[in-house]
Amino acid sequence: MCDPGRAFGERRRGDIAVTCDVITWEVCVVRICVDGHAPFVACLAGHEAQDWLESFDRGDLDVELRVAAARAPRRRLRRVPRNVRRRQRSMPVSVGIEHEFEVRNDLGAVDVRSLWAGMNVSGVRADPTDPHATRLAGCVVTLDGREAEYATAPVRVKPGFVDELAGLVAVARRELTAALPPGHWLVGVSTHINVSLTTRRDDRFARRWAELFAPSLMLLLDGPQSPGLLVRPRPGRLELGGEYSEGAPLAAAVAFAVGSVLALEQVGPRTLRRLRVGMDVVPAVARYGWYIDRCAMGDDLYALGRATTLRRVGGEAVPAAQHLLETATLARAAFGPEACDDDLRALDAVIACRQRLPSEVPVPERALS
């Protein structure tokens, strides 16, 4: 793992110094200071920031930056250029993970806000929307109310993406654990899978996704004590939130989440409407989006698991195991060359009943130490 201070902090070449003042996954604002001239900024697309900084280190930008500093700042340096925004919209599908944790000690749960000032998270704080967010290489560590949280960088969906994402999750977990004061530990609370989405009318897309694929993801992700699934449309992505998950269950859920979004984008809702399941989809309470309760389809999905009877909108009654098989087959077919057998191994194991669903695992066995 590279040094996050070196990756995004201040760096200098001779008379030129650059600093990343604002960093998000979508955009990076770099402040450029050339000795003898007024500072100015360059606005980069988030995925281009690292390449730009490496070009600066090589000296490839020396002449361009000195010329820019010698004249008034131009409009193109103050916003993301139109061609950059166009490239962002046409970028390959990507996926990221957020994990939220309760922090505990021998006395019980601790409000992480009371610990944050003393936590040693060595990274760069430059997110304009979150003063607590600390960016490291490949992840962001922050807090969400009383809980601690990390979010991985978006990983491009290509062969090996599931293992790559698992590696980022492992690094983020180590960083967050190492920052805790002695005598404190993490207890997993929730998982949020973020799949990039370029389609318009993302609110309608999220609702249709829920009616088609939510029951299957709930079986792949949630445990016997989980309340239900969150489906949140967000600018440029679809956020799917459920129980804390790791290892093979998380790999299966990630592969299904990405494949299901791809399938709905490629095939369209009209072709897939025969698979729609009748359910009570209600507005989420804390933040905008949809919530699907464990009993939203009638029977308790987490209590009955694969044997749950789902009633489709057309009137057909099918077991949840059949719906899982049909939707997972669609998700697998949507990948094409973007995934390899290793990416889909965990999902295939669940479908073939070689791997238990999270709701089929006793609670003590699933407890996170």
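This is a predicted model: local features need pLDDT of at least 70, side-chain atom pairs count only at pLDDT 80 or more; totals for chains, interfaces and linings use all residues.

Trainee: How many helices and strands does the protein have?

Mentor: It has 12 helices and 17 strands. Both are DSSP runs numbered from the N terminus: helices are H or I with at least four residues, strands are E with at least two.

Trainee: What share of the contacts between residues at least 6 apart join residues at least 24 apart?

Mentor: A contact means heavy atoms within 4.5 Å. Among contacts between residues at least 6 apart in sequence, 67% join residues at least 24 apart.

Trainee: Let's go inside. Which residues have the most contacts inside the largest nonpolar core?

Mentor: General idea first: in soluble globular proteins, nonpolar side chains tend to be buried together. A nonpolar core here is a set of buried Ala, Val, Leu, Ile, Met, Phe, Trp, Tyr and Cys residues joined through side-chain atoms within 4.5 Å. The largest has 87 residues, and Phe-161, Trp-209, Val-231 and Ile-292 have the most contacts inside it. Helix H7 (residues 247-267) supplies the largest share of this core, 13 residues. Apart from it lies another core, of 20 residues, including Val-30, Val-34, Phe-40 and Ala-49.

Trainee: And what does Trp-209 touch?

Mentor: Leaving out residues up to four places away in sequence, Trp-209 touches Ala-214, Leu-217, Leu-229, Val-231, Leu-238, Leu-240, Ser-260, Val-261 and Leu-264.

Trainee: Now sheets. What is the strand order in the open sheet of 4 strands?

Mentor: Strands of a sheet pair through backbone hydrogen bonds, either parallel or antiparallel. For the bookkeeping, two strands pair if DSSP finds at least two bridges between them. In this open sheet the order is S1-S2-S3-S4, and the pairing is antiparallel. Strand S1 (11-13) and strand S4 (40-45) are the edges, each pairing on one side only. From one strand to the next, the twist averages 25°.

Trainee: How many bridges join S2 to S3?

Mentor: There are 7 between strand S2 (residues 16-23) and strand S3 (residues 27-34), which run antiparallel. Cys-20 stands opposite Val-30 in S3.

Trainee: Which strands does helix H2 lie across?

Mentor: Angles like these run from 0 to 180 degrees between N-to-C directions, with axes fitted as lines to C-alpha atoms, for helices over the stretch in contact. Helix H2 (residues 49-58) lies across S1, S2, S3 and S4, running at about 35° to S1. Helix H3 (residues 62-69) also packs on the sheet, touching S1, S2, S3 and S4, and its direction makes about 75° with that of S3.

Trainee: Next, charges. How many salt bridges does the structure hold?

Mentor: Side chains of opposite charge can pair when their charged atoms come close. A salt bridge here is a side-chain nitrogen of Lys or Arg within 4 Å of a carboxyl oxygen of Asp or Glu. The structure holds 21 of them. In one, Arg-11 pairs with Asp-57, with the closest N and O atoms 2.4 Å apart. That pair links distant parts of the chain, with Arg-11 in strand S1 and Asp-57 in helix H2, 46 residues apart.

Trainee: Is Arg-11 buried or exposed?

Mentor: Arg-11 is buried, with a relative accessible area of 4%, whereas Asp-57 is partly exposed at 29%.

Trainee: What about Arg-207 and Glu-211; why are they separated by about one helical turn?

Mentor: Because they sit 4 residues apart in helix H6 (residues 202-221). Glu-211 counts as buried at 14% relative accessibility, while Arg-207 is partly exposed at 29%.

Definitions and conventions
Residues are numbered from 1 along each chain as its sequence is written. Side-chain values use heavy atoms; hydrogens and water are left out. Buried means under 20% relative accessible area, exposed over 50%, partly exposed in between (1.4 Å probe, protein chains only).
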